[in-house]
Amino acid sequence: MERDESLDALRFARSSHPRRLGPALRQMLRHPGRAFAILRARLSGKRLRARQSLAALVGIDHRLTLPSEILDRFPAAAAGWSDAGIHLLCPPGHRLVEGAQARIVAAFADPSLQALYGDALVQFEAGGPVLPLLRPAFDPVLLLGVDYIGPVLAVRRTALAAFETRPALEVVFRITERFGGIAIGHLPEVISLWRPYSAVSEPHGLSSPLRGGAGGGDGAEGTYESHPAPPPPLTPPRKGEGTRAPDRSEALSTPSRVGIVRAHLDRTGFAASRLAFGPEGVIDIAHPLPDPLPLASMIVPTRDRLDLLRPCIASLSARTDWPAFEILICDNDSREPETLAYFRALEAEGSARIVPCPGPFNFAAMNNRAAGLARGRLLVFVNNDVEAFEPDWLTRLAREALRPDVGAVGAKLLDGESRIQHAGIVLGTGGLVTHGHRHFPTDAPGYLSMLRATHEVSAVTAACLAVETEKFAAVGGFDQDKFAVDFNDVDLCLRLNREGYRTLLVPGAVLHHREAASRRWTPQARARHAAEVANLKERWGPLLAQDPHYHPGFDPDLSTHARLRGGRLWQGAPGVVRRSPH
């Protein structure tokens, strides 16, 4: 029996890491002060602060499942589709819910809409828990790696042409090729039920991933068929690799989804891109690089803190396989003799250039000054508390950042507890903005495999951000007047987005980050931070209300993708169709 590739997008459900009482208690005993603060906050009625602090201390996972009784609110619609102008792709195991057809037809009143998908409730076994599948707005980059849209898809018949018997994934690609991504809409409400067991007796090697996984049961994990080993690191190509045609046998020897993606890339000018079928069903795409490889300029701001800076620079120098790079250190009035001696040694051996940046600490201004002196085509901003450990990190970032339609590109960062510290920046969460999947385990695949697959985000942190020099200059660099220390990265990305560039998270690029290890909060720093919060709200207020790449049904206050808003299934304004920002 063939493997059901539509289930690949759900593999995160069986990969949840339920917190155990033992490890949680041990972590609290290691940090009694933090544990006491959590208890005090909980007893004083500050439940949200207590929940956030607990997640930071012991980690977090997906707790999204609902009891089977939720299905009583979403009875299946009668079989059949009655609208002649819209074609519905709805394979066995899937059923629309009552009222979905009317909402879908109403959405197509917009003549620019050519295809529409929505959310679903997934039940892997009769009577078992139910997983809400809350999809993001259309993201063509994520779709290359993960089929998060299908297989229920409504399509305008005039757009479908000769493809109505093709898989939903291919139909979506064909429509984007003809009409652009703006023609694909997402209805952020439940429109279908997905019961794999009703299509086949055993869903292709999948036993319920919700048993003890995302549902928080007894801990027994579901089972899956084995997968190929992860693809090897994407190292810089040898001369000529960037223009070499791919081996067409890959489309024949790998699952059909890879063949569909391969054909789409070939039709859209990416025939030289290489594909690998990795773990969790994610397709890893290596776009070609220029030949010769351009110079990359790594920019690292600091003020003393040699305990952070030395391992940072050592790791960048020793664990970066990109052959052409320079390091510029922005020195903000370092005074310690050891630091100054280190600077002299670096310059003497040609390992780095020291860029003096005197005066009050202004992170944005320091980076702008170094960027103006950089010689590279690619700027790579790196905090002094970041360390590289996988040599291919810059190659992976460069493959995306050097594409003409891409602006800023960010890496997946791990904190001191080896948990996710950064996986993109999500707007409208955590009170203003927050880091995606924060505090999740290092090896978590992420919701819809977003910690495995490259995808669009609204912003990425400047703790590790790559952008072409020309694009950075075209938008005026970091705004050093409005955002001297905080949110300058968010603002930069949003300005690049406004110019039509995509901001991408590349989870395959992984580094360590001891966030704010060199920061000291003072009354002046708090006042400056408050002013920068006000500036961000003034400039980007409407966007901060709801991130276009994040579903409004998730809890906005506790990490991301971890809990449902209000602990229940979200019901937003009916008929609101979300579109890709590009």
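1. Ground rules. This is a predicted model, in which local features need pLDDT of at least 70, side-chain atom pairs count only at pLDDT 80 or more, and totals for chains, interfaces and linings use all residues. Residues are numbered from 1 along each chain as its sequence is written, and side-chain values use heavy atoms, with hydrogens and water left out.

2. Helices α7 and α11. Helix α7 spans residues 168-179 and helix α11 spans residues 256-267. Helices (H or I, at least four residues) and strands (E, at least two) are DSSP runs, numbered from the N terminus. The two axes come within 10 Å and cross at roughly 10 degrees. Axes here are lines fitted to C-alpha atoms, for helices over the stretch in contact, and angles run from 0 to 180 degrees between N-to-C directions. The pair is therefore roughly parallel. Angles under 35 degrees count as roughly parallel, over 145 as roughly antiparallel, 65 to 115 as roughly perpendicular and the rest as oblique. On the α7 side, the contact includes Phe 173 and Arg 174; α11 contributes residues including Ile 260 and His 264. Contact means heavy atoms within 4.5 Å. By class, this contact has four nonpolar, two polar and five charged residues. Ala, Val, Leu, Ile, Met, Phe, Trp, Tyr, Cys and Pro count as nonpolar, Asp, Glu, Lys and Arg as charged, and the others, Gly among them, as polar.

3. Helices α12 and α13. α12 (residues 306-318) packs on α13 (residues 337-348) at about 20 degrees, axes 10 Å apart. They are therefore roughly parallel to each other. α12 passes α13 in a left-handed crossing. A crossing is left-handed if the near helix is turned anticlockwise from the far one by less than a right angle, and right-handed if clockwise. Leu 306, Leu 309, Arg 310 and Ile 313 of α12 make the contact with Glu 338, Thr 339, Tyr 342, Phe 343 and Leu 346 of α13. Six of these residues are nonpolar, one is polar and two are charged.

4. Helices α17 and α18. The axes of α17 (residues 488-498) and α18 (residues 523-545) come within 12 Å and cross at roughly 50 degrees. The two are therefore oblique. This crossing is left-handed too. Among the contact residues are Asp 491 and Arg 495 of α17, and Arg 539 and Trp 540 of α18. The contact has five nonpolar, no polar and four charged residues.

5. Largest cavity. About 120 Å³ of space lies in the largest cavity. Of its 15 lining residues, the closest to its centre are Val 426, Met 450, His 455, Val 457 and His 561. Strands β16 (425-427) and β18 (455-456) each supply at least two lining residues. The lining has eight nonpolar, five polar and two charged residues. A cavity is a set of points, on a 1 Å grid over the protein atoms alone, where a 1.4 Å probe fits but cannot get out; lining residues have an atom within 4 Å of a point. Grid points are joined across faces, edges and corners, and a volume is the space filled by probe spheres set on the points.

6. Backbone. The Asp 291 to Pro 292 peptide bond is cis, with omega near 5 degrees. Pro 292 sits in the loop between β8 (283-286) and β9 (296-302). His 439 is not a glycine, yet has a positive phi of about 75 degrees. His 439 lies in the loop between β17 (433-435) and β18.

Key: 1 Å grid on protein atoms, 1.4 Å probe; cavity = no way out; pocket = protein on both sides within 12 Å on 5 of 7 lines; lining within 4 Å.
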